[in-house]
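Have a look at the structure first.

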Number of protein chains: 2
Amino acid sequence: MDNNQIKNDAITRQEDDFAQWYTDVCRKAELMDYSSVKGFIIYRPYGYAIWEQIQNYLDRRFKETGHENVYMPMVIPESLFAREKEHIEGFAPECLIANIGGSAPIDDPLIIRPTSEVLFCDHYAKIIKSYRDLPKLYNQWCSVVRWEKTTRPFLRGAEFLWQEGHTMHETEEEARTETLKMLDIYNELGRDVLAIPFSCGRKTDKEKFSGALETYSIEALMPDGKALQSGTTHYFGNGFAEAFGIQFQGRDGKLHSPHQTSWGVSTRLIGATIMAHGDDNGLVLPPRVAPIQVIIIPIAQNKPGVLTAAKEVFKQFANAGFRVKIDDSDKTPGWKFSEWEMKGVPLRVELGPRDIEKGQVVIAKRNTGEKIICSMDEMIEKSQELVNIIHKEMYDKAYKYLLNHTTEVHNLKEFNEALEKGGYAKMMWCGNVECENKIKDLTNATARCLPFNQMPFGDTCPCCGKKASKVVLFAKAY
Amino acid sequence: MDNNQIKNDAITRQEDDFAQWYTDVCRKAELMDYSSVKGFIIYRPYGYAIWEQIQNYLDRRFKETGHENVYMPMVIPESLFAREKEHIEGFAPECLIANIGGSAPIDDPLIIRPTSEVLFCDHYAKIIKSYRDLPKLYNQWCSVVRWEKTTRPFLRGAEFLWQEGHTMHETEEEARTETLKMLDIYNELGRDVLAIPFSCGRKTDKEKFSGALETYSIEALMPDGKALQSGTTHYFGNGFAEAFGIQFQGRDGKLHSPHQTSWGVSTRLIGATIMAHGDDNGLVLPPRVAPIQVIIIPIAQNKPGVLTAAKEVFKQFANAGFRVKIDDSDKTPGWKFSEWEMKGVPLRVELGPRDIEKGQVVIAKRNTGEKIICSMDEMIEKSQELVNIIHKEMYDKAYKYLLNHTTEVHNLKEFNEALEKGGYAKMMWCGNVECENKIKDLTNATARCLPFNQMPFGDTCPCCGKKASKVVLFAKAY
C-alpha cells in the first residue's frame with residue numbers, strides 16, 4: 001500500500017543530520033505540512049492538538065491570575081505603528097503590508113500584525129482614565145506575521161500562533177512583578193507540562209525587545225547544543241504610554257502614565273518539545289501535552305474476542321480520563337508500532353489472545369522502550385503512575401543534558417571549547433556591549449540571558465579583561 | 001465620578017431607534033470598541049467571553065462528532081484563489097490584498113483569507129490518496145477579512161472571528177448527511193445555549209454560497225422584524241475537488257473525486273443574542289452563554305458582617321459551578337444594579353444586614369425583573385432551577401415572537417402587509433429566480449430559506465401566478 005510505504009520510510013538519524021531529522025519528524029509524525037506560500041505552514045490535526053494542550057494549560061493559568069482574553073484587529077495602520085520609534089524600527093524589515101482593499105488602494109497601508117503593542121495602547125488610551133481602571137490584564141490568542149527569509153517549521157515562520165499578554169499597571173513595582181510572574185508561569189509550563197527545564201533570566205540590552213526597558217526569557221537547550229528562546233516577557237516602563245497619551249488620574253488626584261508589560265509564547269514551543277525529547281524513532285511526547293496518551297493495539301485482531309477485549313480496555317482508559325485511541329485498522333501490528341512510535345504516544349497497550357486468556361495487557365513506554373506486563377485489573381492505576389514516572393524521566397534526562405552542557409568558562413579558549421562541546425558557555429561579563437558584539441563576531445554565539453540564579457565564579461571578563469560581576473549564558477541559538 | 005457618568009447614561013430606547021439601541025448596548029455593555037481601522041472592531045473582555053462560551057459548546061460538539069482542528073495560513077495567493085471561478089467572482093470585490101513583504105513587492109499578491117476553501121483543497125490534494133484517507137473532517141477557529149463598505153459591530157465587519165469546517169467524503173450521500181448534521185448542531189446551539197429559535201432550511205440558488213451546489217442556513221428573526229442569517233452549511237459536490245485535482249483510489253480500484261462540505265458560524269451570533277433578548281435596560285444574556293451568570297451585590301457593605309457574608313455566598317455559588325462575581329466596589333447599589341442589568345447578567349443576588357439576620361438573600365431575574373426571597377440554605381438549588389427557567393422563558397418569548405411574525409401570504413398585498421408588520425412573509429413559490437428578483441426589487445426582501453418543514457398552504461406563486469410547490473420565507477435581512 002502506498003500509504004504504508006510513506007509511513008515506514010526511515011527518518012534521518014539525529015547524529016547524521018539533526019536539522020534533517022527535525023524536518024522529517026515534523027512531516028512524518030503529521031504535525032505540519034507546507035502550504036503554497038513560502039514560510040506559511042499548515043498546522044495539521046496532530047500538531048494543532050499539541051498547541052491546544054498548551055493553550056488549555058496557559059489559558060487556565062492566565063485566568064486564575066486575573067487575566068482576561070480580548071481580540072484586537074489583525075491589521076495596524078502604518079501611521080499608528082510608527083508612533084513608537086524603536087518599536088517600528090525593530091519590526092519594519094519583516095512586515096507584510098496590505099494596500100488594496102475592495103479593489104481600491106488604501107491610503108494608510110495596513111501592516112498585518114507582527115505583534116500588537118500599539119493596538120492595545122491605542123485602545124488603552126480610550127479606556128484608562130483613573131487608577132480605578134487599573135490594572136488592565138489583557139491577553140490575546142491569535143496568529144502574527146513576520147516576513148522572515150529563512151523559515152523552519154514551528155521554529156521560525158512567516159506566520160505563527162501565539163498568545164500575547166498586554167498589561168497596564170498603576171506602579172512600576174506592580175508592572176515589574178507582573179513581568180516576572182508571567183515568566184514563572186511559562187517556566188512552570190516547561191517544568192510541569194512540556195518536561196523541559198528552561199533557563200530563566202534577563203536579556204542583555206542588545207537582545208531585548210524593540211521598545212522594552214527590560215526583557216526576560218525562558219531558554220531551552222536543544223540536543224544539538226543550540227539554545228532556543230522559547231518565550232519572553234517585557235517591562236516597558238511608560239514609553240509606549242507616553243507615545244500614545246495614556247494617562248490616568250492617580251490616588252493623588254494628579255495625572256500619571258501607567259506602567260506596561262507584554263509577554264508571549266508561541267507554537268515555537270512545539271518545536272522545543274519535538275527537539276528536546278525526540279529520538280531516531282520519531283517524536284517522544286511528554287504525557288501531559290500528548291494529544292494521545294495511550295494507544296491500544298490489538299494483536300491478531302481477527303481472532304475471536306480480541307477486538308471486543310480491546311474495546312473494553314479502551315473504555316476503561318477513556319473513563320479514567322486518559323486521552324486514548326484504539327488502532328484497529330487493517331495494518332500489521334509492526335506497522336502500527338512504528339507509526340505510533342513516530343507519533344510519540346507515551347504509552348502503548350498491546351493485547352492479543354494469550355494476554356486476554358491471562359487477563360493481562362502489555363504496556364510499553366515510548367521514552368525508554370521498556371515493556372511491562374500488567375493485569376487488566378491494575379492497568380489503569382499502573383498507567384496513571386507511569387504517566388508521572390515518564391514525565392519525571394523525560395524532565396530529568398533533559399535536565400541532566402542541560403547540566404552537562406553548561407560550562408563555566410574563564411577565557412576565550414574555554415569559551416570556544418564549550419561551544420564545540422555544545423550548549424552554554426557560562427561566562428563572567430563586564431556588561432559592555434562591545435564584548436558581546438566581539439564574541440558574536442568571533443563565535444556566532446549570542447548572550448541568551450543573565451540567569452536569575454547568578455552565582456559569580458570569577459571577577460574578570462574573558463573578553464576585555466576588565467572587572468566583571470555579571471554571569472551570562474552564551475550559546476549558539478535558533 | 002467620570003466613569004459613573006458614562007455608565008449611567010441612558011441608552012436609546014428600542015422603539016425610538018432599534019439600530020441605535022443596538023450600538024449603544026454594544027458599547028455600554030463593554031462588548032466591543034471601535035479601532036483605528038474602519039470596520040475592524042476590538043472584542044473587549046465581556047464580548048470575547050461570550051464568544052468563548054460559544055466556542056466551548058461548539059468545539060465539544062465538533063470533536064464528539066469526529067472533527068479535528070487544524071490551522072491554515074491566513075493568506076491565499078491570488079493565483080490559487082482564482083482556481084475555482086465562481087468562488088473568486090463571489091469574493092473578489094471584498095478582498096484585502098497584501099503585496100509588500102519585507103519591504104519588497106510580492107509577485108503573486110496575497111489575499112487575506114475571506115474564507116479558506118481553496119487552502120483546504122490545496123492541502124487535501126496532497127494528503128488524500130485512498131478511500132482509507134476519507135472522510136477528512138477538519139475545522140478551523142480563526143478570523144477572516146472581508147472588505148465591507150458598511151459595517152456594524154458583530155453583524156458585519158471587515159474582520160470577524162468564526163469557525164470554518166471543511167470536510168471531504170467518499171460519497172455524495174455521506175457529504176450531504178454531514179451538511180445537514182452540522183446545521184443541526186448549529187440549531188441546537190440556538191435552542192440549548194443562545195435561547196434563539198432558528199428557522200432552518202435550504203437557500204435558493206440565488207442566495208447560496210459562491211461555488212456551492214447547496215447552501216443551508218439558520219435564520220434568526222430579530223425584534224425589528226428583520227432576519228439575520230446566523231450560520232450556513234454548504235454542499236459542494238466535487239467542483240472544487242476537480243478544480244484542485246483531488247482524487248482518491250476507491251474501493252473499486254478506480255480514481256474518484258471526493259465530495260466536499262463546508263460550514264461556519266461567526267461572532268455574528270453575539271449580535272443575534274444581543275438583539276434577540278435585549279431590552280431598554282441593556283443586554284439580557286441567556287444563562288448558558290453568559291460570562292457571568294450570577295452577580296452578588298452587598299447592600300450597605302460597610303456595615304459589619306455584610307462583606308463577609310457576601311463572600312461566603314460567592315464561595316457557595318463558585319463551588320456549585322456557577323460563573324459568579326461579587327461587586328464590592330465603592331459604587332452605590334443603585335449604580336451597580338443598572339450596571340449589571342446593562343451587562344445582562346441573568347441572576348442578581350442582593351444581601352444586606354437585614355437579609356443576613358434572616359438568613360436569606362434576594363434573587364432578581366434579569367429577564368423579567370421578578371424578585372425572589374430565598375433562604376441561604378436553598379439559594380443554590382433555587383438558582384440552578386432558575387437558570388433553566390430563565391433559559392426556557394427567553395426561548396419561549398423569542399419563539400412566540402417568531403410565530404407571531406411569520407405570516408402566510410397569498411398575494412403581493414398580503415406580502416407587503418406582512419413585511420410592514422415585520423418578520424417573515426411565508427409564501428408559495430414557483431421556484432423561478434425572476435420572481436425572487438422581482439420581489440427583491442419591489443420590497444427589498446430576500447428569500448431567507450426554504451424551511452425544512454415545508455407544509456404547503458396553496459399552489460400558486462403570488463408573484464407570477466404560476467404553479468408553486470415550494471414554501472419559502474422572505475424577509476428583510478441584515
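This is a predicted model: local features need pLDDT of at least 70, side-chain atom pairs count only at pLDDT 80 or more; totals for chains, interfaces and linings use all residues.

Residues are numbered from 1 along each chain as its sequence is written, and chains are lettered from A and ligands numbered from 1 in the order in which they are written.

**The interface**

Chain B puts 46 residues into the contact and chain A puts in 46 residues (two residues touch if their C-beta atoms, placed from the backbone, lie within 7 Å). Which strand gives the largest share of chain B's side? That's β5 (residues 96-101) of chain B, with six residues. Sorted by class, chain B's side has 24 nonpolar, 11 polar and 11 charged residues. Here Ala, Val, Leu, Ile, Met, Phe, Trp, Tyr, Cys and Pro count as nonpolar, Asp, Glu, Lys and Arg as charged, and the others, Gly among them, as polar.

β5(B) also pairs with strand β5 (residues 96-101) of chain A, antiparallel and over five bridges. Within that pairing, Gly101(A) has Leu96(B) as its bridge partner.

**Strand pairs**

Strands pair if DSSP finds at least two bridges between them. Helices (H or I, at least four residues) and strands (E, at least two) are DSSP runs, numbered from the N terminus.

| Strands | Bridges | Partners |
|---|---|---|
| β17 (347-351) and β18 (360-365), chain A | four | Val349(A) and Ile363(A) |
| β9 (199-202) and β22 (446-451), chain B | two | Arg202(B) and Leu450(B) |

**A sheet in chain A**

β17(A) and β18(A) belong to an open sheet of five strands with mixed pairing, in the order β16-β15-β17-β18-β19. At its edges are β16 (324-326) and β19 (371-375), each with a single partner strand, so one side of each has no neighbour in the sheet. Neighbouring strands are turned by 25 degrees against each other on average, direction ignored. Helix α10 (residues 306-319) of chain A packs on this sheet and touches β15 (294-298), β16, β17 and β18; its direction makes about 170 degrees with that of β15(A). Axes are lines fitted to C-alpha atoms, for helices over the stretch in contact, and angles run from 0 to 180 degrees between N-to-C directions.

**The whole chain**

Chain A has 15 helices and 23 strands. Its radius of gyration is 25 Å, close to the 23 Å that the globule rule gives for 478 residues, so chain A is as compact as a globular protein of that length (the radius is taken over C-alpha atoms, and the rule is 2.2 Å times the number of residues to the power 0.38). Along the principal axes, the C-alpha atoms of chain A fill a box of roughly 80 × 60 × 45 Å.
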